[in-house]
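The sequence and the model are shown first, and the description follows.

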Amino acid sequence: MAKLVYVVLALCIAQGTFALVRRDAPVVPAEENNFFKNLLEVGGKIQEAFVETQQSVLKSLGFQSNDEVVQTIQKNTNQYVERLRGVQGTIEEELKKHSDIFEPLVKDLNAKLAETTATLSQQNPEVVQKAKEYQEQVQSNLQSLVAEAQKTVEKLKEDTRAPNEELQKALKQIYDSTFETLTKTVSELKPKN
């Protein structure tokens, strides 16, 4: 009989041990989850657009002059830079309002935005003479900016205390503008019938 009591007691202790409450990561609201999911989808499309843009530049050099290709890339890049400056303004406003929260989250992104807009705004005559190299330089800048934006998205996912509606809009604008610039460049480089 004593053995039966010990067995029952052991089973109760084992059951209690397995029934411990475990605290998981905080639940992300559905709208934020959708935001991050949408950014991941756009990020995938951006990668495809990078490849398509690169191929489009190579194809267009067969039927357009180097100058025409460069002008198309420059025009779209200049429009992109203007959008990035708007995004940078939004991020700086949010930094002023909530610097204690956002400073560690967006510091690197803000620096990358400044670097990207400065680099893309510069006119480098040696590189601009060769459309393929120019596109590669632009693309490299866009890819590093998108990579930095992705890091910021990951930080935002982890830090649930950030009132990040405006920051989310700014990040989405980076993704959308990048995708739009690449697809517009591809479209404008296609042969005109």
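## Surface and basis of the model

The protein chain has an accessible surface of about 11700 Å², and carbon and sulfur atoms hold 54% of that area. Accessible areas follow the Shrake-Rupley method with a 1.4 Å probe, and for residues only the protein chains shown count as cover.

The model is predicted: local features need pLDDT of at least 70 and side-chain atom pairs count only at pLDDT 80 or more, whereas totals for chains, interfaces and linings use all residues. Residues are numbered from 1 along each chain as its sequence is written, and side-chain values use heavy atoms, with hydrogens and water left out.

## Overall architecture

The protein chain contains seven helices and zero strands; helices (H or I, at least four residues) and strands (E, at least two) are DSSP runs, numbered from the N terminus. Of the 193 residues in the protein chain, 37% are buried, where buried means under 20% relative accessible area, exposed over 50%, and partly exposed in between (1.4 Å probe, protein chains only).

Among contacts (heavy atoms within 4.5 Å) with a separation of 6 or more, 84% join residues 24 or more positions apart.

## The largest nonpolar core

A nonpolar core is a set of buried Ala, Val, Leu, Ile, Met, Phe, Trp, Tyr and Cys residues joined through side-chain atoms within 4.5 Å. The largest one has 40 residues, of which I91, F102, L109, L113, L171, I174 and Y175 touch the most other members. Two or more residues of this core come from each of α2 (30–60), α3 (66–97), α4 (99–121), α6 and α7 (165–189).

Leaving aside residues up to four places away in sequence, I91 touches V106, L109, N110, L113, L167 and A170.

## Helices α3 and α7

The axes of α3 and α7 come within 10 Å and cross at roughly 175°; axes are lines fitted to C-alpha atoms, for helices over the stretch in contact, and angles run from 0 to 180 degrees between N-to-C directions. The two helices α3 and α7 are therefore roughly antiparallel, a label for angles over 145 degrees.

## Two buried residues

V106 belongs to helix α4 and is buried, with a relative accessible area of 1%. V106 and L167 are 61 residues apart in sequence, yet their C-alpha atoms are 9.1 Å apart in space.

E148 lies in helix α6 (residues 131–158) and counts as buried because its relative accessibility is 11%. Not counting residues up to four places away in sequence, E148 touches D108, L109 and K112.

Technical notes. Parallel < 35°, antiparallel > 145°, perpendicular 65-115°, else oblique.
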